[in-house]
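Please open the model in the viewer and keep the selection panel at hand.

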Amino acid sequence: MGKEALYAGIVYTSIEVIGQYFFPDGNEQGKVRPMTRIEATDCIDTIRTAIRKCTAETDANKGKEYIGEETYALLADMDKDKIEAVKEYITNANDKDLARLFTEDFAKAVHLSMVFQDGNTKTQLAGIKMFHITLSMGYVKRNILHENATESEVKTIPTQMAGFTATDTVQGGAFSTTAQVPVLRLYQFLTTFTVQSGPDKGKPVLDGNAVSDKDFIRAVMRADYSTVYQNCVKGKMRCVITLLSKAYFKDWKEYRTAAARSIGLTAESLAKYNVEKPFVSRLKELLPMIK
């Protein structure tokens, strides 16, 4: 399980499954309702029970889809809003005891999110929930417990793993691509990679608490980074947009112009960035079309 833990919660899903999770009734979820400590504790207990039971079944080789359906059943009442509400309670209350309890099984949650990266619909839905659980755990580890989840559990995401391709999830206004864009894999990387030096040292490149994966998919496919740019390390994000545009989009000059306009820059100024070589190297590993 240790090797899987290095890859920190990457989830690859079909467009149909993404739609079922984010828009179960055809509409976006409402604002997250605040939780009490008792409610947050109950949710954490449910999550811990599901993770430990299903990890044990994984170790017993009971079969991915059997375990996925078991996880789906155990987390039936644990939707994205509840996961977000748990994180918000811990963060707002600065409750370190609950933070430790919530993140205790981080590596196991990572492992399960990898196990459920494909399969039947229920398995993939379980994987999406585990993906959001790992993101929330990582946020709590970093911001409440001040532990760097990326150093021990997240080292390298291998390029041979097929990332979620979001080309068709955005209706109208999306740019045409020359290759499938591993958007969720990129989102996971940017929300867990912390800056190594300078005034932004210790910050993630992208604030996953402020920018959801759904928002990031839309930003990438529409070349509209207006929301993303307010919640990121700007030099590194300019690097990402510049390299991503030419590698993956047909009309890359038009894409770059639109992206630059969305954040108040010219295409020329967008392409001016100064970032560490390790960051660019990791980016090229994640996005193999970048030369």
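Begin by selecting Phe175, Phe249 and Tyr255, which form one aromatic cluster. Here rings of Phe, Tyr and Trp (its six-membered ring) pair if their centres lie within 6.5 Å, and planes under 30 degrees apart count as stacked, over 60 as edge-to-face and the rest as tilted. By this rule the count comes to six aromatic pairs.

This is a predicted model, in which local features need pLDDT of at least 70 and side-chain atom pairs count only at pLDDT 80 or more, while totals for chains, interfaces and linings use all residues. Residues are numbered from 1 along each chain as its sequence is written, and side-chain values use heavy atoms, with hydrogens and water left out.

**Overview**

Display the whole protein as a cartoon: it has 16 helices and zero strands. Helices (H or I, at least four residues) and strands (E, at least two) are DSSP runs, numbered from the N terminus. Of the 291 residues, 51% count as buried; buried means under 20% relative accessible area, exposed over 50%, and partly exposed in between (1.4 Å probe, protein chains only). Among contacts (heavy atoms within 4.5 Å) with a separation of 6 or more, 79% are accounted for by residues 24 or more positions apart.

**Two aromatic pairs**

Select tyrosine 187 and phenylalanine 216. Their ring centres are 5.7 Å apart and their planes stand at 45 degrees, so the pair is tilted. Tyrosine 187 belongs to helix H10 and phenylalanine 216 to helix H11, so that the pair links parts of the chain 29 residues apart. Tyrosine 187 is buried, with a relative accessible area of 2%, and phenylalanine 216 is buried at 1%.

Next, select phenylalanine 189 and phenylalanine 193. This aromatic pair is also tilted, at 5.3 Å centre to centre and 55 degrees between the planes. Phenylalanine 189 counts as buried at 1% relative accessibility, and phenylalanine 193 is buried with a relative accessible area of 11%.

**Helix H11 and the residue after it**

The buried residues are Asp213, Lys214, Phe216, Ile217, Ala219, Val220 and Met221.

H11 is followed by alanine 223, which lies in the loop between H11 and H12. Most residues other than glycine have a negative phi. Alanine 223 counts as buried, at 2% relative accessibility.

Asparagine 94 lies in the loop between helix H5 (80–93) and helix H6 (96–103). At 42% relative accessibility, asparagine 94 counts as partly exposed.

**Helix H13 and its surroundings**

Select residues 234–248, helix H13. This helix has 15 residues and reaches 21 Å from its first C-alpha to its last, close to the 21 Å expected at 1.5 Å a residue; the expected span is 1.5 Å times one less than the number of residues. Is H13 mostly covered or mostly uncovered? It is mostly covered, with twelve of its 15 residues buried. Among them are Met237, Cys239, Val240, Ile241, Leu243 and Leu244, together with Lys236 and Arg238. What covers the buried residues of H13 includes helix H10 (183–192), helix H11 (213–222), helix H12 (226–229), helix H14 (252–262), helix H15 (267–270) and helix H16 (277–286).

**The segment after H16**

Select methionine 289, in the segment after H16. Leaving aside neighbours within four places in sequence, methionine 289 is in contact with Ala179, Ala247 and Tyr248. Methionine 289 and glutamine 180 are 109 residues apart in sequence and 9.6 Å apart in space, C-alpha to C-alpha. Methionine 289 counts as partly exposed, at 35% relative accessibility.

**Helices H3 and H4**

Finally, select helix H3 (residues 37–59) and helix H4 (residues 64–74), which pack at an angle of about 170 degrees with their axes 10 Å apart. Axes are lines fitted to C-alpha atoms, for helices over the stretch in contact, and angles run from 0 to 180 degrees between N-to-C directions. That angle makes H3 roughly antiparallel to H4 (angles under 35 degrees count as roughly parallel, over 145 as roughly antiparallel, 65 to 115 as roughly perpendicular and the rest as oblique). Show the side chains of Thr46, Ala50, Lys53, Cys54, Glu57 and Thr58 in H3, which meet Tyr66, Ile67, Glu70, Thr71 and Leu74 in H4. By class, this contact has five nonpolar, three polar and three charged residues; Ala, Val, Leu, Ile, Met, Phe, Trp, Tyr, Cys and Pro count as nonpolar, Asp, Glu, Lys and Arg as charged, and the others, Gly among them, as polar.
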